[in-house]
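Me: I have a structure open and would like to go through it with you. Could we take it chain by chain?

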Amino acid sequence: MTPTQKSEAKWGLLFVAPTIIGLLVLNLYPIANTIYQSFFKTGDFGKGNIFIGLANYQKVLSSQETWQALWNTVKYALIEVPFGVVIALLLAVLLNKKIGGRSVYRTIFFLPMVCAPAAVAMVWKWLYNTQFGLLNNVLHTKVAWISDPKIAWISIGIIGVWSIIGYNMVLFIGGLQEIPGDYYEAADIDGASGVRQFFSITVPLLSPTTFFIVQTRIIGALTIFDLMFMVMDKTNVALPKVQSIVYLFYQYAFTNGNKGYGATLVVILLLFIMLLTWILQRAEKKIVYHN
Amino acid sequence: MRAKRLFSAALACGLAAGLTLGSPVSAAAEYSVSELQVNIWDNNQREGLQQIADAWTETSGVKVNINVVDWDNYWTLLEAGASGGQMPDVFWMHSNTAQMYMENDLLLNLDDYIAADDAIDLSNYYQGIVDLYNSGGVQYALPKDHDTIALLYNKALFDKYGVEYPTDDWTWEDVQAAAAAITEAGASDGVYGYAINTSNNQDGWYNIIYDYGAQVITDDHKGTTIGSEEGKAAMEMMRQILEVAAPQITVAETGTDSLFMSGLAAMITQGSWMINTFYKGEHSADYAWAMLPYHDANGNGTCDEGERYSAYNGLGWAASYNTADPDAAYSLISYFCNEENQKKQAELGVTMAGMIGVSEEFANAFPGMDVSAFTRAEEEASLFFRPYTRNTTIWEDALQQAGGFLDPWQDPSDPAKMAAACDNAQQIIENAIANE
C-alpha cells in the first residue's frame, strides 16, 4: 500500500467505525449472548445461570408446540411474501405510468407503512370482530375471522400483506425507473402487447429488485410477532394454531421468565433462517437476470 | 461552512452550560438527593398519589417524580433495570413477582427502618399483604392498599327485561337464574345476562372455588385443591352460568368490560381497582355494585361464615436496594403508608387502604355511585389472598388456555369437560410448583 492508500484506508475505517461498533454492540454481542444462554437454565436477573448442555434443545425440539409454531410462522410467510410481492408489483407498474393523481395513489398505498404497527393491529382487530366487526356487518356473515383455528392464520396473513404492500411497491417503483425506456419503445415498434412487455421486459429486468424484496420479506415474515400479539387475546382459542416462533419466544422468555428456553427457540429460528438464506443465495444466480 | 461551525460551537457551549446548570443543587433538608424517581403502573392513581407525595416534599425538600408505565412494560423495564442496577428509587411490588425480587436482594431491607419508625406497626395492616412482602423473615415492602371484588350490574338492562336487581343476598344460583332470563329475553338485541372469560380469575371464578370450600393455592403455597370434589362442584356451578353467558369467542374478542359498558352484558364481576373506569363511563348512572354472590353450603337460606369469599390483593411500596438515599426512600414509603395518608388515599378514591379499618371513606369517594360493596366485603365476607406461588404466571396463564379452562369455556354444555378441566388444572398447578 502506498502512503496515500494507507491514509485513505485509515480514514475509511474511521468513518465506518460508528456502524461497525454499532453492529458489534447491538447485534453481534446479543447474538453471542443468546447462543450462550441457550445452554443454561437461566436464573433471575441474569444471575445464577446453571450450565445444562443441550437440555434446552432437547426440550424445545421434542415439543409439539415448537413445531406447530414454526409451521404457523411458515404459513404466515407463505401468505405475506407471495401476495405482498405480486400485488405490490402490479401496483408499481400501474403507478409508474403517467396517470392523473399518481402521487395521491402512491401516498395512499404507502400509508400503512407510516402507521404504527400496534395501531394497525388494533383497527384490524375491530374490523374482524365476530359480533360487532365491520367486516361481518357489511358481508352479513358470522365468520369468526380471528377465533376460528381454520381461518385465523389467513386473517392475520391478510393484515401482513396489507401492511407491507406500500413498502414493496416503493422499492419496485425504484427498480422500474432503472429500466431504460428504449426497450419498451423497441417492443412497441415490434408490436408487442402490454402484457407481453410486462413478462418479457419488466419481470426479468426487475428480478434483482424482486429478489431483494423476496429475501428480506422472508426474513421479516419469519420473525413476525406484533400482529399475533396485538390482534389475538391470550384466551383466543385459535392462538395455538397462529402463534409464531417469536411469539412463543416472548411467552417463554419474558412472561414466564425462562430466558434459556426462549434463547433456544430463537437460535433454532436463526438456524432456520440461515438455511433458507443460503438456499436463496445459491438460487440467485439461476433466477436473477443481470444485464 | 463557517456559519455551520459557529453553530456547532454554540451548540457545544450550550450543552456544556446545560450540564453544569443541570447538576443537582444540594437538597434543602437532611437528605443527600434532590429528587426521587417513583414508578407505578396505574394512571388512575397518579394524581392522588402525587398529591400525597407533594405534601411529603414540603417537609423533606425532596421532589417526587411519579412515572406511570403500563403494566406489561412496567415489569420489562423493572427487570431490565434490576439486571443493570438502574431501578427507580421507589416503586410498586405485586404478588406475581415479589418473591423473585426479594430472593435476589433487589429490594431494600426495611426491617431496621420499620423498627425505628413510630408511624408504622405491621400488625395494623392486612396480614396477607404483610406476609407477601416478607421473605426469609425480612420485610421488603409496606402494604400500599388492598382490593376486593364485587358484582357489577346494569340497572337499565334489568329494568328492560323485567328482572329483579341483584342484592347482597344472592347466591350463585340466583345469578344463574337472572342471567338465563336476560340472555333469553335479550337474544334479539344481542344482550347477554352475564360475561366472564377464563382470564377473569381473581375477579371472577377463583371466588366461586373458595365459596365451595376448595382452594386454588393452599395456604402453604405448595399445592392446590382445585381438582377436589369441592373444586369440581364450584366449577360445575360456573359451567351452568357459562351456559347462559356470552360465548367465549365474544368475551375473548371484545372483552367483558367492553361488553358491559356497551350495554350488551347485564352482569360481570370486577375488582375495586376498576371502579374509576366504570365511574367515568358514559352510562355510569345505570351501573350499580352488589356484594359477590355466595354459596349456601348448609342450605339455611342465609349467608353464614365461610360461604361468601372475595379475593383480595395488595400492592407494596418497595425501594431499590441501591437507591442513592435509602433514608429518603424509606421516609417516602413510610409517609405513603402511615395512618393519615392511608386514610387520605381512601378519601381521594385512589384505592382502599393497606391498613385495616381505615377504608370507610373510600365508599364516599364516588358521589352518585354506591361502592360500599367493596368495603362491606371486609366485614360481611371472608377474604382470601390472591393465589400465588413463586412463578404464578406460568400456571395462571396455562389455566386460561387450551388444555386448561378454555376447553369447557368453549363448550359449556358438557359437564364432563368442566370436570376434566379441573383435573387438568390440578395437574398444571402441581407441575408448575414442582418446577419452581
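Predicted model: local features only at pLDDT ≥ 70, side-chain atom pairs only at ≥ 80, totals over all residues.

Me: What box do the C-alpha atoms of chain A fill?
Reply: Taken along the principal axes, the box is roughly 75 × 75 × 30 Å.

Me: And the contacts in chain A: what share join residues at least 24 apart?
Reply: The share is 72%, counted among contacts between residues at least 6 apart in sequence.

Me: Let us look at helix H4 of chain A. What should its residues span?
Reply: H4(A) covers residues 102-114, and at 1.5 Å a residue its 13 residues should span 18 Å. Its end C-alpha atoms are 18 Å apart, so the two values agree.

Me: Where does H4(A) bend?
Reply: The bend, of about 30 degrees, is at A:Ile108. A proline, A:Pro112, follows within four residues.

Me: Now the contact between the chains. How many residues of chain B are in contact with chain A?
Reply: On chain B there are 25 such residues, in contact with 21 residues of chain A. The elements of chain B that give two or more residues to this side are helices H3 (71-84), H11 (248-254), H17 (392-400) and H18 (406-410).

Me: Which one gives the most?
Reply: H11(B) does, with five residues.

Me: How do the residues on that side of chain B divide into nonpolar, polar and charged?
Reply: Eight are nonpolar, 14 are polar and three are charged.

Me: On to the sheets of chain B. What is the order of the five strands in the open sheet?
Reply: The order is S2-S1-S3-S13-S6, with mixed pairing. S2 (63-68) and S6 (141-143) are the edge strands, each pairing on one side only. From one strand to the next, the twist averages 25 degrees.

Me: Which helix packs on that sheet?
Reply: Helix H14 (residues 326-337) of chain B packs there, touching S1, S2, S3, S6 and S13 (316-319). The direction of H14(B) makes about 170 degrees with that of S13(B).

Me: And how many bridges join S1 to S3 in chain B?
Reply: Two bridges join S1 (residues 35-40) to S3 (residues 90-93), and these strands run parallel. Within this pairing, B:Val38 stands opposite B:Val90.

Me: What about the open sheet of four strands?
Reply: Its order in chain B is S9-S10-S8-S11, again with mixed pairing. S9 and S11 (287-291) stand at the edges with a single partner strand each, so one side of each has no neighbour in the sheet. The twist here averages 30 degrees from one strand to the next.

Me: Which helices pack on this one?
Reply: Helix H9 (residues 201-211) of chain B touches S8 and S10, and its direction makes about 95 degrees with that of S10(B). Helix H16 (residues 372-380) of chain B touches S8 and S11, and its direction makes about 5 degrees with that of S11(B).

Me: Is S10(B) enclosed or open, and why?
Reply: Seven of the seven residues of S10(B), 265-271, are buried, so the strand is largely enclosed by the rest of the structure.

Me: How does S10(B) pair with S8 and with S9?
Reply: Five bridges join S8 (residues 149-154) to S10(B), and the two run antiparallel. S9 (residues 192-194) is joined to S10(B) by two bridges, and that pair runs parallel. B:Met267 is the bridge partner of B:Tyr153 and also of B:Tyr194, while B:Thr269 is the bridge partner of B:Leu151.

Definitions and conventions:
Residues numbered from 1 in each chain as written. Chains lettered and ligands numbered in written order. Pairing = 2+ DSSP bridges. Axes fitted to C-alpha atoms, helices over the stretch in contact; angles between N-to-C directions. Contact = placed C-beta atoms within 7 Å. Nonpolar A, V, L, I, M, F, W, Y, C, P; charged D, E, K, R; others polar. Expected span 1.5 Å × (residues − 1). Bend = angle between axes of the 7 residues up to and from the residue. Buried ≥ 20, exposed ≤ 12 C-beta atoms within 10 Å, placed from the backbone.
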